Amino acid sequence: MKYRSVSIGVVLFTLSNFMPFTGPSMAAPVGGFIAVLDDDVNNSDSSNTVLYYDVNDMSRPMFAIFAGWKNSFTQTILGTSITTGEAQSLDSLAIDPATGLTYVIDVDRAGPTGSIMTPGPNNELFGVPENTEGDYNLLTFDFQAAYNHWAANFEGPGPGRADDTYVTYISGGTAGDPNAPAPAPGAYDLRIDNFQHYTAGPPNLNEVFLPGLVRKIGEVARPEFNETSPPSAGLFGYAHTHLEFIDADTLVLVDRPNADLSTQNDINALGQADDSTIRILNRIGTAPGLSTPYTPGSTVGGFDRGTTETWESVIIGQPLMDPDSPGEYMDVALVKNKNGVTGLWIVENDRLDGSGDEVSFFEITNLTGPAGNGLRQLNIGGGAPGFTLDDNPVLAANTGDGAADGVHVNPLTGDVFIIESGLTDSPQDEPSVIIREVTSYDNGSGQIEFGAWRYVQLDLTALPDDDSFVTDGRRTAYDYVNNTMYFYDFDTSAIGEGGNYLYDWYALDLDTGVVTQSFLNADDSTRGFRTEDRYEYFYLVPEPAGLLSCMVGSTILFSRKRFQQGRPR
């Protein structure tokens with residue numbers, strides 16, 4: 001059992017940022033959970049949802065919350081009137097660690113920025129009001145309300161219900177109309193085709209209507225590039241955003257390249273000035289209608305059609321990690337007020353030219369504009385703004401041959417956890433976790449001070465998986481409470497390419513290097529299509545008395561298993 005001494009400031013940070021509010025009669029969820037943004041349009045019962053797992057049992061989700069539709073219309077097909085709906089185009093998510101409230105970015109692509117999507121004649125079927133095109137819709141998913149309903153009605157064992165019945169929640173007010181009536185039985189079937197359209201058919205048996213779970217709280221401006229016809233090649237044909245939670249009024253978003261990407265020639269002409277923007281999403285009111293009027297050509301501001309609150313976006317800078325071109329940002333992780341420093345660890349893909357991937361820290365000192373924000377120096381190489389990742393820095397720290405699949409941060413210690421891919425190695429091997437200890441985010445000279453390296457590789461040799469491919473390291477979630485990295489892998493159904501084990505969860509204990517949980521052929525409703533790193537861990541703590549009772553002087557001793565309590569049964 002390992003212990004690490006943590007200052008009382010860390011404890012207060014933990015209580016203030018990770019403790020849920022619970023009323024006297026509310027049986028709030030307790031323990032570790034993982035949220036997965038599932039944007040796989042081919043999956044029959046959980047496409048365009050957020051799925052939630054209990055880390056004590058990753059064999060299948062507890063429940064999913066469906067994002068809903070942004071519009072509906074009726075068309076005649078072979079003489080038959082068919083009602084269809086345009087699905088949300090989910091892109092990234094962030095979690096409020098105190099409550100589990102989930103923020104989701106939905107990208108509107110169908111029209112010019114600021115144009116109006118007029119509701120179709122059957123709009124009342126879905127309860128969706130008007131929608132603005134060419135922006136980002138900001139949605140929230142109420143984890144606690146769904147959990148409480150699931151625990152009371154479907155978590156087993158119990159009279160008349162199966163053990164841990166998996167359900168998908170449908171919310172009538174999914175896009176800003178919480179008072180919309182419940183759809184008629186069978187009218188809210190979730191199955192959608194490759195064009196992300198609602199299709200008629202019998203309802204899925206696991207659907208449960210629970211109004212008010214999903215709200216459209218804002219419409220925020222985004223770059224005005226044209227992606228109605230994405231280019232057929234090039235990384236930037238479909239680049240995802242990255243969303244992080246600062247507080248209930250403030251989110252930070254790493255955007256797409258700030259340029260028109262209509263053709264492959266546009267991609268080829270990109271330069272550093274076209275780098276992705278970093279935006280702050282601000283809640284400026286708990287009622288709609290307060291956003292700054294939109295000016296064509298502007299990428300700052302917001303809109304108010306169909307929202308329950310008012311949010312705006314403001315550009316606060318660009319990472320500028322590549323000297324000649326926009327960065328191909330694989331993943332980001334937020335650090336909040338460590339040694340007075342707030343910002344984002346960013347991993348950037350440089351593998352196209354054969355060099356190791358870049359790792360930098362973008363410091364946020366100004367939430368209203370770019371002044372003062374930028375890459376913070378590291379206490380290496382005379383104060384470099386980043387470092388090149390090595391395949392295994394414990395063995396060789398100057399090879400520059402590492403390929404990053406993702407990045408995570410321990411919010412208590414500030415240490416950085418980089419997922420290093422094995423796909424580019426020769427021979428290929430399983431992904432590893434490269435841990436870089438951060439002893440201080442401010443060493444007195446404006447630099448981040450590092451400690452030791454650690455290296456832990458995912459070892460699956462003892463598991464009966466017939467998958468001949470290595471695990472994809474892009475789908476991970478970090479459990480900072482138990483120092484465990486979760487990997488999610490899925491393959492094809494061919495023998496030797498997954499076979500009977502298509503959807504696999506592995507829990508890698510970073511203290512011991514042992515896979516403590518493995519669920520082969522887990523529930524196949526989790527696909528994560530095109531979302532890769534949209535897997536977020538959060539931990540909801542019980543009442544604070546248990547934490548405060550273990551104070552020793554000015555420090556608290558945290559066991560690796562200190563908070564491994566799980567859900568009450």
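**View A. Strand 8 pairs with strand 11 in this predicted model.** Strand 8 and strand 11 (residues 136-141) run antiparallel and are joined by 6 bridges, where strands are DSSP runs of E with at least two residues, numbered from the N terminus, and two of them pair if DSSP finds at least two bridges between them. Within this pairing, Val 104 has Leu 139 of strand 11 as its bridge partner. The model is predicted, with local features requiring pLDDT of at least 70 and side-chain atom pairs counting only at pLDDT 80 or more, while totals for chains, interfaces and linings use all residues. Residues are numbered from 1 along each chain as its sequence is written, and side-chain values use heavy atoms, leaving out hydrogens and water.

View B. Because 6 of the 6 residues of strand 8 (residues 102-107) are buried, the strand is largely enclosed by the rest of the structure; buried here means under 20% relative accessible area, with a 1.4 Å probe and protein chains only.

**View C. Strand 27 is covered on both faces.** Val 416, Ile 418 and Glu 420 are buried on one side of strand 27, as are Phe 417 and Ile 419 on the other. Strand 26 (residues 404-409) and strand 27 are antiparallel and joined by 5 bridges, and Ala 404 has Glu 420 as its bridge partner in strand 27. Strand 27 pairs with strand 28 as well, in the antiparallel sense over 5 bridges, with Val 416 partnered by Arg 436 of strand 28.

**View D. Val 347 is a buried residue of strand 21.** Val 347 lies in strand 21 (residues 341-348) and has a relative accessible area of 0%. Although Val 347 and Ala 404 are 57 residues apart along the chain, their C-alpha atoms are separated by 6.6 Å. Leaving aside neighbours within four places in sequence, the residues in contact with Val 347 (heavy atoms within 4.5 Å) include Tyr 329, Met 330, Val 359, Ala 404 and Ile 418.

How values were computed. Buried < 20%, exposed > 50% of the residue type's maximum accessible area, 1.4 Å probe, protein only. Helix = DSSP H or I, 4+ residues; strand = E, 2+ residues; numbered from the N terminus.
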